[in-house]
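This briefing covers strand pairing and helix packing. Please look over the sequence and structure below first.

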Amino acid sequence: MMQDLGLACTMFQPFRDLDGLPEPQRARAFDRLERKFDVMQELGTDLLLVCSSCSPLADCDRERTIADLTEAAERAAARGLRLGYEALAWGRHVHDHREAWGIVRDADHPALGLVLDSFHSLSRKIPSSSIGDIRADKLFIVQVADAPMLDMDHLGWSRHFRSMPGQGDFPLDDWAGAIRKIGYQGYWSLEIFNDRFRAGSASGVALDGYRALRLMEGGITRPSPSAAALPPRVKTSGVEFIEFAASHEEAENLAAMLRPLGFRPTARHRSKDVTRWTQGVEDPVNIVINCEPEGLAHSFDVVHGASVCALGLAVDDVPGALARADFLRVPRFQQALAPDEWPIPSVRGVGGSLIYFVDAATRAAMWAHEFPHALENPAPGPRLRIDHVAQTMQYEEFLSWLLFYVALFDVEKTPQLDIADPMGLIQSQAVENADRSVRFTLNGSLAAQSLTSRFIQNYFGAGVQHIAFATDDIMAVADAAHAQGLPRLEIPRNYFDDLEARWGLEPDLIDAMAARDILYDRDGEAEYLQFYSRAFARRVFFEVVERRGYAGYGAINAPIRLAAQARHKPDFPD
């Protein structure tokens, strides 16, 4: 099969429990070794990974370990093969790559080298600077895995939580940089064990692996020496527009939710059944409602109902953004354009939606050209900004979409959180650009009846579940929205009683927030206020936030919000 696919086998693995065994177990281990050599020669590979022993029978005699590995290397060399010795993080006596390197160095056999694995080293917090002592010619292969930082046994951590580079918390840039510095020129191999990947498609996991290695090649959190030769990650300067696909009836219902938030239909597309809704006068928030009877938006509406089908991100370098997407094999999307239409390149995003790359330098001209037919004037009132866009996906897809954003865009991850839904846990994590003008929160859940899972069932796939707008005066926005009939999410009074006890807030402020269903959080002196609408068409809801130096997303309030939404069965039915 490998030959048919044009693939080469770089290594056969693993061989366990070779060194330090008493007789007769030692003799049996060497018999097994010869059998593995037979298989390797049939596969056409010359390298075997030998793990440090975990057997309770193995002793800690270092000289004996060297003698066993030397004999094994002699047998391998006689057949034109090599051995790579790896220190397992849970090895019985050897569990540190420094110790493994010392053994390989002292054995000094040409057929015996070292295997470095990022999980085994970084899970034990072994300094990457120690790699500088290793000779590049004795490093036979490098294995890469990321992982979240967890406090658990190394074996369980390794078997269930390894992830692709960029999906976890390991300082892989330091580790990879130390390996490059010694002059290593061999293979970089992914070794991932993760229940989510086991449940995923082989092609999807392979694509993630390709993107992860490309990301690590250029640097995950800072540029590597090779980054200059690669298309850089895409720098964004804001969310230029959010596009809804909707029928005319759905568009009217959506309008009834947008108007209370200060949006007005200010312009119509030059040739399509598409309306631009804006909030604010200078640098407005743009929402586009697409009612075209054919094309991607129409197909999206047929499958999902009225929902967000595209996001437009302002970028400084559109050709560079497309080059980065091509580099990562992110598929482009092209739709037929009329001769007078403004071309806006796009790529496929979450759930088949689109991400448009809008040239930041010409965006004003784009709007003027594409939407020349004026409708209503902008409404007065407090100005909004797009704070973040929340996307919900299958639990098994979560890490893939996290990698998509981290590899394509110049963004950083926030710490991963588990949020308590009344029906189960939701995993949540955000990605943000440097000035936080672009923020996405990603959410996934294994619990079948959680709000996240019910959204996916009702929506038929992953997509945008809510849009958060930021304001400098949340009380005024709430008053205007509620006065104009925004269906709001009702928060029980006992939440506010608890707030008063927890933070010592003034009773008048508590009463003001309770009257407007405004949630509150604090981080030191930083404050966060937020309120929610009910869900539009059982799919998308809106949030308004006021940040007073606060960087997070009010995660402490998420269980309250989820419980409140769970009470409204018409919005999210079982």
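What order do the nine strands of the open sheet have? The order is S12-S13-S14-S11-S7-S10-S9-S8-S15, with mixed pairing. This is a predicted model, in which local features need pLDDT of at least 70, side-chain atom pairs count only at pLDDT 80 or more, and totals for chains, interfaces and linings use all residues. Residues are numbered from 1 along each chain as its sequence is written, and side-chain values use heavy atoms, with hydrogens and water left out.

**The nine-stranded sheet**
- Strands (E, at least two residues) and helices (H or I, at least four) are DSSP runs, numbered from the N terminus.
- Strand S12 (332-333) and strand S15 (373-374) are the edge strands, each pairing on one side only; two strands pair if DSSP finds at least two bridges between them.
- Strands S11 (residues 307-315) and S14 (residues 354-359) run parallel and are joined by six bridges, with Ala-310 opposite Leu-354 in S14.

**Helices on this sheet**
- Helix H10 (residues 248-258) packs on the sheet and touches strands S7 (236-245), S9 (274-279) and S10 (285-290); contact means heavy atoms within 4.5 Å.
- The direction of H10 makes about 165° with that of S10; axes are lines fitted to C-alpha atoms, for helices over the stretch in contact, and angles run from 0 to 180 degrees between N-to-C directions.
- Helix H12 (residues 318-327) touches S11, S12, S13 (346-348) and S14, and its direction makes about 150° with that of S14.

**Strand S4 and its neighbors**
- S4 runs parallel to S3 (residues 82-86), joined by three bridges, and to S5 (residues 139-144), joined by four bridges.
- Leu-114 in S4 stands opposite Tyr-85 and opposite Leu-139 in S5.
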